Amino acid sequence: MKKAIPNILTALVFLFLFAPIAILLIFSFNESKSLSVFSEFSLHWYTELFNDRNTLEAVGNTLLLATSATVISTVMGTAAAWGIDRVRSRWYRGVMNTVTDIPMTNPDIITGISLMLMFVFVGRFFGAASSLNFWTMLIAHVTFCLPYVILQVLPKLSQMDKSLPEAAMDLGCTPMKAFFKVELPEMMPGIVTGAIMAFTISLDDFVISYFTSGTGFETLPIRIYSMTKKTVTPKMYALAIIIFFVTLSLLLISNFIEARGSEEYLEYNKKKSRRKTSSHTGYAKKVVAAVLSIALIAPIAYKAISGPKKQVLNVYNWGEYISDGSEDTLDTIKAFEQWYKETYGSEVTVNYSTYTSNEDMYNKISKGAVSYDVIIPSDYMIDRMASEGMLQELDFDNIPNYKYIEDSFRSLYYDPENKYTVPYTYGIVGIIYDSNVVDEKDTGSWDLMWNEKYANNILQYNNSRDAFGTAMYKLGIDVNTHDKSQWDKACEELIKQRPILKSFVMDEIYNMMESGEAAIGSYYAGDYFTMRDAQAPDVDLKFYYPEPTNFFVDAMCIPTCAQNKELAEIFINFMLSKEAAIANAEYINYASPNSLVYEDEGYIEDMGEDAIEILYPELGDFSELYNKYAYRSLDTQMLDYLNTLWENVKIN
């Protein structure tokens, strides 16, 4: 029993570590999108992965960035460690070590924000249109990789006999030759370890990359994060499994090589040691030369390959909010590039980037960190950006397809004079419920979200505006009121709801509703179809609109920082074309204000009558309901008060 306990504990630890990876492995071969039900074995998602141009490009960008940062930080870190080791003053060495440790102990978010502000300051000082790009990301990655290299190389220098390089010089070596023949071989294990750590950390980084990324260069962690607008597709599971097994293979190879360098192997090759020493020093010299060459050439080669040789259009959109060619859909960006070449006889490259919230997009553009030509924010953010002079007026002569936008989607509160926007999608908030759990007679209103019969089966929004919206619509309170007493009433209603809630969620609602873990949740109509398509066999999701409820519109705009306004307007016009508009509407499952979409028989047939009834309900005058119930931007004082109330709700 005593012998079995350590084995059992070890097995439990490994189970804890690798159970998530095992789940990913299993469901990467699942035919459906479900994370709760395995339908049948399939390589479908691996096929989708290798057909996803944007994801593969993000993988390539990640590897390029990690390699470049590793090479540069390894060279700089080795040189820095060599210099620190030769400092005679203990006080000065202590200061240098402390300064070196700061980037490792500093929270990533602080490092990311501070680097972004520095790049923006420098960019504005030199009058750059965009302050963030590949080079800023490279500098940021070198910054946080450098200390790890220094930390690995310094101990090897400390362990080395200081008299060895002096003895080599006494025997006729120059300082440079002594370095390559004596010191470098001693440092090499630390250099290799530092390089591996730098590569791993750079490959995995998200927070700092997110704050220092610009247009046209998206890494894999950023791309995956942008997918959280909707549920992450299983092709990401497939990619994760490929990365895992590549990493595992490298570790096995590394351990095999290390085993060959064991004492037995060294004893067996003792007679060859002198000859090997000279060959190792020669090898070390070649390694350093190669590292230096790559450090200089890799970024330059990247710039030469990806530099702006064509017209460039920078588009900034929500994640998973455009048809991207996956699952046999239209690749909208590629289609535009081809269409433009055929129509205008010249080439254009679209740098397509994504964000996860209106606030993220606003912060980047307002600080002058990036320059985009087309953005697709939500209504309340459009209102804010227009009032702050951040949007350009559109030339509708370049957007003739605007005539297909239905009249009730014009002159809405966020753009009353129709100067800045072209509507892209719209939606209505409703309640999703599992009809196998919820009695139909309890549905129809917001009261279902407060029904104690379904305690521990109800999901509430994990953001203040939407959560308060559910309570205010239930109580008949204006969701845009500035009367604090009305917000207090909504807060009391949410506190009453708190004991019967299962959880506060955002994107987690997908898996929880699909698997039957929860039975009731409020969300957007378009996302209901994503959940329904992936629901478990014992789950029967249905949907209804409580009255009143929230309406929203996302629209295409051109910010004042745009570098190519006319090309941006041409792109917007293409997005309104029949092929692109239908493909995008079918892909994201949101309603379209474009008559070419909702009047098309093929689109209606593909979506199905039940989906059309939900997406395009008989609303009467949409603009009247929209202007009455849509969220509007609150002033700073009200937002601060709302945040205080939200903290009270979450604490209770």
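Author: One term to start: contact means heavy atoms within 4.5 Å. Among contacts in the protein between residues at least 6 apart in sequence, 74% join residues at least 24 apart.

Reader: What kind of model is it, and what are the ground rules?
Author: This is a predicted model, where local features need pLDDT of at least 70, side-chain atom pairs count only at pLDDT 80 or more, and totals for chains, interfaces and linings use all residues. Residues are numbered from 1 along each chain as its sequence is written, and side-chain values use heavy atoms, with hydrogens and water left out.

Reader: How many helices and strands?
Author: The protein has 27 helices and nine strands. These are DSSP runs, numbered from the N terminus: helices are H or I with at least four residues, strands are E with at least two.

Reader: How much is buried?
Author: Of the 652 residues, 48% count as buried. Buried means under 20% relative accessible area, exposed over 50%, and partly exposed in between, with a 1.4 Å probe and protein chains only.

Reader: Which residues touch the most others in the largest nonpolar core?
Author: F336, F468 and I520, in a core of 158 residues. Helix α6 (residues 134-159) gives the largest share of this core, nine residues. A nonpolar core is a set of buried Ala, Val, Leu, Ile, Met, Phe, Trp, Tyr and Cys residues joined through side-chain atoms within 4.5 Å.

Reader: What does F336 touch?
Author: Leaving out residues up to four places away in sequence, F336 touches L313, V348, V350, L567, I570, F571 and F574.

Reader: And P400, where is that?
Author: P400 sits in the loop between α16 and β4 (422-434). P400 counts as partly exposed because its relative accessibility is 45%.

Reader: New topic. How much space lies in the second largest pocket?
Author: About 1,400 Å³. Of the 40 residues lining that pocket, the closest to its centre are S357, E359, Y380, N463 and D466.

Reader: What counts as a pocket there?
Author: On a 1 Å grid over the protein atoms alone, a pocket is an open set of points where a 1.4 Å probe fits, with protein on both sides within 12 Å along at least five of seven lines; lining residues have an atom within 4 Å of a point. The volume is the space filled by probe spheres set on the points, which are joined across faces, edges and corners.

Reader: Which element gives the largest share of the lining?
Author: α27, with five residues.
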